[in-house]
Amino acid sequence: MKYRCAGIVTYNPDIKRLKKNIESIYSSLETLIIVDNYSSNIVDIIDLIKDYSKITLIKNKENLGIATALNEIVNLSIKLEYQWTLLLDQDSICDSRIISEYKEYLLYPNVGLLCPYIIDINKINLNQYKKLSLPKYSKVKYAITSGTLIKNEIFSKVGGFWDELFIDAVDIDYSEKLRINGFEQIRVNTTYLLQEVGHAEKTKILRIHRDHAGKFSIQPYYRTNHSLKRQYYMARNNVILIKKYKKYNSVLLKSIFIVLYLSAKVLVEKNKKSLIKVILKGVNDGIKFKTPIYSK
């Protein structure tokens with residue numbers, strides 16, 4: 001079985017961070033595909049990878065968004081006759097054992113993807129993760145894209161990633177399609193991904209937190225400091241997905257969740273006037289968007 005293929009989408013990456021990302025996984029791979037979305041520092045990327053013989057670089061002539069770039073990676077993986085593809089963000093660093101830890105689950109029936117335990121370095125460190133009492137694996141409803149090993153055959157069956165979403169909620173959409181079509185998503189708790197969500201800052205606002213081991217605690221909210229463009233797409237795309245999957249999810253419950261989620265962001269993020277403006281625009285554009293209603 002061919003499964004040692006990975007892909008990274010780049011867009012103006014921090015070169016030092018990208019190098020760490022590549023080096024964390026490179027020795028475990030046969031092929032690494034980098035799809036660049038028209039980075040201003042493409043010359044630095046080319047210089048970085050020139051000595052890595054197993055890297056294939058695809059240079060897009062404009063920023064086509066994360067979904068389209070991910071589709072390019074998986075489609076090339078399929079063309080190269082791989083059965084699985086590991087997807088990574090440019091600034092997330094995975095456990096060097098991630099491929100070997102996933103191997104045990106490749107033949108599990110009906111599995112659409114495997115994902116690692118996500119360590120948000122703003123909230124939990126590696127030592128704290130290692131002390132958690134976690135089962136060897138868990139079945140989950142949703143998986144973020146980075147660190148996910150997706151089965152190429154099932155990717156083709158469910159239609160891949162949705163280009164229209166561009167940069168946000170792409171992973172939620174893909175997980176919804178897997179779940180609705182009866183494919184399982186397994187989080188392998190024995191491996192991890194180090195991720196930094198935005199450029200987070202701790203706030204004085206507290207919330208109830210339940211970790212993946214089932215333990216409840218009081219934790220501070222973090223402001224992500226995402227760009228206004230990203231905040232716009234968060235609002236827009238969440239509204240679009242409520243409409244897209246209304247046959248399978250409660251529109252009321254999903255809408256309440258989104259209102260609470262966006263309200264919390266306004267409460268903790270900076271530039272509140274600008275943020276409210278882009279969120280309202282995102283919600284309005286999401287409502288007006290001609291959303292195809294999903295039906296398997």
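So, Lys265: that one sits in helix H9, residues 251-268, where helices (H or I, at least four residues) and strands (E, at least two) are DSSP runs, numbered from the N terminus. Before I go on, this is a predicted model, where local features need pLDDT of at least 70 and side-chain atom pairs count only at pLDDT 80 or more, while totals for chains, interfaces and linings use all residues. Residues are numbered from 1 along each chain as its sequence is written, and side-chain values use heavy atoms, with hydrogens and water left out.

Back to the lysine. Is Lys265 buried or exposed? Lys265 counts as buried because its relative accessible area is 7%, and the cut-offs are under 20% for buried, over 50% for exposed and partly exposed in between, using a 1.4 Å probe and protein chains only. Leaving aside residues up to four places away in sequence, Lys265 touches Thr224, Gln231, Met234 and Leu275; contact here means heavy atoms within 4.5 Å.

Okay, the terms: on a 1 Å grid over the protein atoms alone, a pocket is an open set of points with protein on both sides within 12 Å along at least five of seven lines, a cavity is a set where a 1.4 Å probe fits but cannot get out, and lining residues have an atom within 4 Å of a point.

Helix H8 (228-244), H9 and H10 each put in at least two. There are 14 lining residues, and Val239, Ile258, Val259, Leu262 and Val283 lie nearest the centre. By class, the lining has eleven nonpolar, two polar and one charged residues. For the classes, Ala, Val, Leu, Ile, Met, Phe, Trp, Tyr, Cys and Pro are nonpolar, Asp, Glu, Lys and Arg are charged, and the others, Gly among them, are polar.

Asn271 is in the loop between H9 and helix H10 (272-288), and its phi is near 50 degrees, a positive value in a residue other than glycine. Asn271 counts as exposed because its relative accessibility is 57%. Asn110 also has a positive phi, about 65 degrees, without being a glycine. You'll find Asn110 in the loop between helix H4 (98-103) and strand S6 (111-120); at 42% relative accessible area, Asn110 is partly exposed. As background, most residues other than glycine have a negative phi.

On to the strands. In S4, residues 84-88, five of the five residues are buried. Trp84, Leu86 and Leu88 are on one side, Thr85 and Leu87 on the other, and both faces are covered.

What does S4 pair with? S1 (residues 5-10) runs parallel to S4, joined by three bridges; the rule is that two strands pair if DSSP finds at least two bridges between them. One of the partner pairs is Ala6 with Leu86 in S4. S4 and S8 run antiparallel, with four bridges, and Leu87 stands opposite Thr148 in S8.

S1 is covered too: six of its six residues are buried. Cys5, Gly7 and Val9 point one way, and Ala6, Ile8 and Thr10 the other. S1 also runs parallel to strand S2 (residues 31-36), with six bridges, and Gly7 has Ile33 as its bridge partner in S2.

Remember Leu87 and Thr148? Both are in the lining of the largest cavity, along with residues including Leu113, Phe161 and Asp171.

Last, the whole chain. There are ten helices and eleven strands, and 50% of the 296 residues count as buried. Along its principal axes, the C-alpha trace spans about 50 × 45 × 40 Å. Among contacts between residues at least 6 apart in sequence, 78% join residues at least 24 apart.
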